Structure formats: C-alpha cells, structure tokens
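Here are my notes on the model you sent over, as numbered points. Have the structure open while you read.

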Amino acid sequence: MKRGYLILSFVGLVVMASCSHRTAQVGCAMPVASAVMIGDVPVHAPAERYSTSTLIIFYDGEVGKLPLLKAVEEYNATIIYEYNTMNGIAIKLPEGADVHEAKAHFERVKGVLQVNFDKTMRLN
C-alpha cells in the first residue's frame, strides 16, 4: 500500500515539474505573459499566440465583400491577403488599434460570418 502512495507522489511531482517550465506544455494552466516577436508582428506567448495587429475575417459570399471592404477602409486598416476560395480576407490594423476592439467592430459588419485572431503555432 505504501508503494502505491510513493508512486502516486512521484507522478505528481513529475507533473508539477513539467508545468513549471516556461514553454507551453499540454495540460498546464500556467500562461506566460511576455510578448514574443515573430518577424515584425508582436505575439502573445505562449498560452495565447496571436498577432496583435492582424485579423482574419470571413464573409457571406451571397452578401459579398463590399460592406466589409468599406468597413476596412473606414477603419484605416489594410488588406494584406484575400482568401478568394474561402470568402475571407486578412487585414493589418492601423498603428495603435486594439485588436480586441477591432474584432468586435468587424463582427458587426453586414455579411461578416467570423472574425479570427491571426494565430501563430510553433512546431517543435
């Protein structure tokens, strides 16, 4: 019986030690709050790795992209890519824009189906 407790204690120590490492671990709820640069794009690390200046927006093909393009222009954002086969665009937000406020803004545009953060995944 004591051997079983010893094994469980050892497993618990191994799990806690693996979660204390500063890289992302599966099952660990210890986000690191520092920012990381990928190219010239600042990204939250590693629990939330998304661009703070880029959004990916998908729109209803039947409504079309004109309302979205007008909203992008009015927001002073720049289209950096068009996903023609998926009815979507990637936009770069103007300097100083808050990515969360911009996401909420574009979610209200007519015909917009989904607004996503531009996420970056690191493969080891």
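1. L55 stands opposite F117 in β6. The strand β3 (residues 50-59) runs antiparallel to β6, and six bridges join the two. Strands here are DSSP E runs of at least two residues, helices are H or I runs of at least four, and both are numbered from the N terminus; two strands pair if DSSP finds at least two bridges between them.

2. A word on provenance. This is a predicted model, where local features need pLDDT of at least 70, side-chain atom pairs count only at pLDDT 80 or more, and totals for chains, interfaces and linings use all residues. Residues are numbered from 1 along each chain as its sequence is written, and side-chain values use heavy atoms, with hydrogens and water left out.

3. Now β5. Five bridges join β3 to β5, again antiparallel, and I56 stands opposite A90 in β5. As for burial, nine of the 10 residues in β3 are buried (under 20% relative accessible area; exposed is over 50%, partly exposed in between, with a 1.4 Å probe and protein chains only).

4. Which residues have the most contacts inside the largest nonpolar core? They are L55, I57, L68, V72, I91, L93 and F106, in a core of 18 residues. A nonpolar core is a set of buried Ala, Val, Leu, Ile, Met, Phe, Trp, Tyr and Cys residues joined through side-chain atoms within 4.5 Å. β3, α2 (66-74), β5 (88-92), α3 (99-107) and β6 (112-119) each supply at least two of its residues, and β3 gives the most, with four.

5. Have a look at I91.

6. The structure holds four aromatic pairs (Phe, Tyr or Trp rings, the six-membered one for Trp, with centres within 6.5 Å; planes under 30 degrees apart are stacked, over 60 edge-to-face, the rest tilted). One of them, F58 with Y83, is tilted, at 6.4 Å centre to centre and 35° between the planes. F58 lies in β3 and Y83 in β4 (residues 78-83), 25 residues apart. F58 is buried at 18% relative accessible area, whereas Y83 is partly exposed at 22%. F58, Y81 and Y83 form one aromatic cluster.

7. Back to F117: the charged end of K103 sits over its ring, 5.7 Å from the centre. The criterion is NZ of Lys or CZ of Arg within 6 Å of the ring centre and within 35 degrees of the ring normal.
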